[in-house]
Amino acid sequence: MRIHRIHKTYFFKLLIGIFLAFVVGGSVIPFVSEKPYYEYLFLISYGGIRLPVEDGWAYINLLLDSLVSQILLIFLLANYMSDDFSTCSVYIFTRSNRKGAWFLHKCTDLFFLVALYYILQFAVLIVVGRVLGRLTISDPAAFWHIILSELALLAMFSFCYVLTVNVLSLKMGTHYAYLFTVLLAVVFSVLPMLFQNSTAVKFLPFSQSMLVWHDSKKLALYRDFVGSCIPHFTILFSLLYLIVLIGILLLIGIHLVNNIEIMGSERKD
Amino acid sequence: MEFTRLIRTEVHSLLKRREFLIVMTINLVWMIVPFLMDCMKYYQTEITYIPPANELWVGFHNHMGEAYYLFLLPLLPALVYADTHYLNLKTGMYKNIYSRCRKSTYILAKGVVILVSGFIIVFLPLLLNQLLCFLIAPLHSTRNSLGGWPAYTSYPTYTLLFESLFLRKPYLHNFLYMAMAGLLGSMSALLSYAVSFLGGQSRLIVVATPMIIYVVWNFTAAFLLGDEYSLYAYLFGGGVADLMPSYFFFCMALCLMVCLAIIFMKGVFKKDELHN
């Protein structure tokens, strides 16, 4: 049902992300040649970078590795709500005054698209790993733990950005919303460098998407490969943190949509 | 005469534009914050331990500077004025303009102003940061003057793009890097302007296309080809080994040619409904 509701162009747009997965997979395969297992491939590709982040080039890799994918996703989905709102809001809301319900429907569609973006990239990474590196799974339990944790953390964290840009685009226009969200993403990515020797790192939004920084028993076997972790920084903590963050954004979005003037919302861009 | 008059009009509307003020403010804040952080870091530090002002500059080796060069540099210049042609087309304002002046002159005048605005919006904040660094850091650090070079440090200078210039004229070296960043800003704004001639897209695409191309190219080059093929590596004063200056300027020239080709083919030489 939901798939029918989403415009097909967004599915095609998300396919651009596959290109990034090819690039990441192709460049990472040589690093896992000694340990040819998918767990290592996924940890190094989407798990984040080693702690402590002291080297300047490690930081630049962090920016490239994690932010490029997110900024592309924000760009691809920035118009999702504003397109609909600016073209047919008058027709929708003169027939139904449940703007909040419309907003929540849009949010579920967006979350589905964000998750799909990463699922497609993960699928490509599996194919690249198999074809280029002849990779296999060493421990199925650890493999699924890594895959599902990475997917949940990345999808939820990226969804926060996508939700922000869409909510702001209803208020200030897509180009300003995009600028603001990119600024937010860049500032969030700089903060771990400024607080790198402090326990405050685990409370930063950006840290929630870094799987290898989490304190997990399932990752203990891979610590020599992915570096140390932040003590007591669990995946459950990050999931709760992101759920609260998304909840706050949803409340702000519903409040904003309920109070928005639909007659003056025709396309400005 | 018409060209000069149009340039004056465009500059006037650029300076009055809200986007110009917002982007300039963001840029200035982004350059002042690292300065304030350096102020806190070096407060009450003995003068001999403070690096020279040229190395304290945000474009030399600074995390906020790196984030700026990686993501914001191509986005901000494109937001300043490059989307005005798209807005003119979208609102129908172009009919009023084209009936009062020659279309080709207008397009070229706007292109020149966009090119210059892209340069200024990047260059001036970087220059401001360097000037601010003079307030808290010595021109030549005594810590680093033992080797006889004004800018000598333990920094591995062999990785620098213009090593000789860095060693002899460190501030001219930084000035050159500011100009290179400004050049990339100009190209980003011009590319955004060129995209607005392709028609049918949203304002977001016009504004964000240079950034997406830049970011994806840097990503691809860094992971598959090597850091020396990523454009951002040419913008940090800190340097990366094996850089080729000709590569950077070739990319800029290629971008300029592509933009001019689009502007001439889709703008200057294309007949519109007013042409008779």
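Of the 269 residues in chain A, 44% are buried, a residue being buried if 20 or more other C-beta atoms lie within 10 Å of its own, exposed if 12 or fewer, and partly exposed in between, with C-beta atoms placed from the backbone. The structure is a predicted model, in which local features need pLDDT of at least 70 and side-chain atom pairs count only at pLDDT 80 or more, while totals for chains, interfaces and linings use all residues. Residues are numbered from 1 along each chain as its sequence is written, and chains are lettered from A and ligands numbered from 1 in the order in which they are written.

Chain A contains 11 helices and zero strands; helices (H or I, at least four residues) and strands (E, at least two) are DSSP runs, numbered from the N terminus. The pattern along the sequence of chain A is α-α-α-α-α-α-α-α-α-α-α. The C-alpha trace of chain A spans about 60 × 40 × 30 Å along its principal axes. A compact globule with 269 residues would have a radius of gyration near 18 Å, and the 20 Å of chain A agrees with this; the radius is taken over C-alpha atoms, and the globule rule is 2.2 Å times the number of residues to the power 0.38. Among contacts in chain A between residues at least 6 apart in sequence, 78% join residues at least 24 apart, where contact requires C-beta atoms, placed from the backbone, within 7 Å.

Chain B likewise has 11 helices and zero strands. Its C-alpha atoms fill a box of roughly 75 × 40 × 30 Å, taken along the principal axes. Buried residues account for 44% of the 276 residues in chain B. For contacts in chain B between residues at least 6 apart in sequence, the share joining residues at least 24 apart is 78%.

Between the chains, 25 residues of chain B are in contact with 28 residues of chain A. On the side of chain B that touches chain A, helix H4 (63-80) and helix H10 (203-225) each supply at least two residues, and the largest share, 13 residues, comes from H10(B). This side of chain B has 18 nonpolar, five polar and two charged residues; Ala, Val, Leu, Ile, Met, Phe, Trp, Tyr, Cys and Pro count as nonpolar, Asp, Glu, Lys and Arg as charged, and the others, Gly among them, as polar.

The largest nonpolar core has 152 residues, such a core being a set of buried Ala, Val, Leu, Ile, Met, Phe, Trp, Tyr and Cys residues joined through C-beta atoms within 7 Å. Helix H8 (residues 140-172) of chain A provides the largest share of this core, 16 residues. Residues with the most contacts inside the core include Ile71(A), Val162(A) and Phe71(B). Not counting residues up to four places away in sequence, Phe71(B) touches Leu67(A), Ile71(A), Val182(A), Val186(A) and Val215(B).

Key: Contact = placed C-beta atoms within 7 Å.
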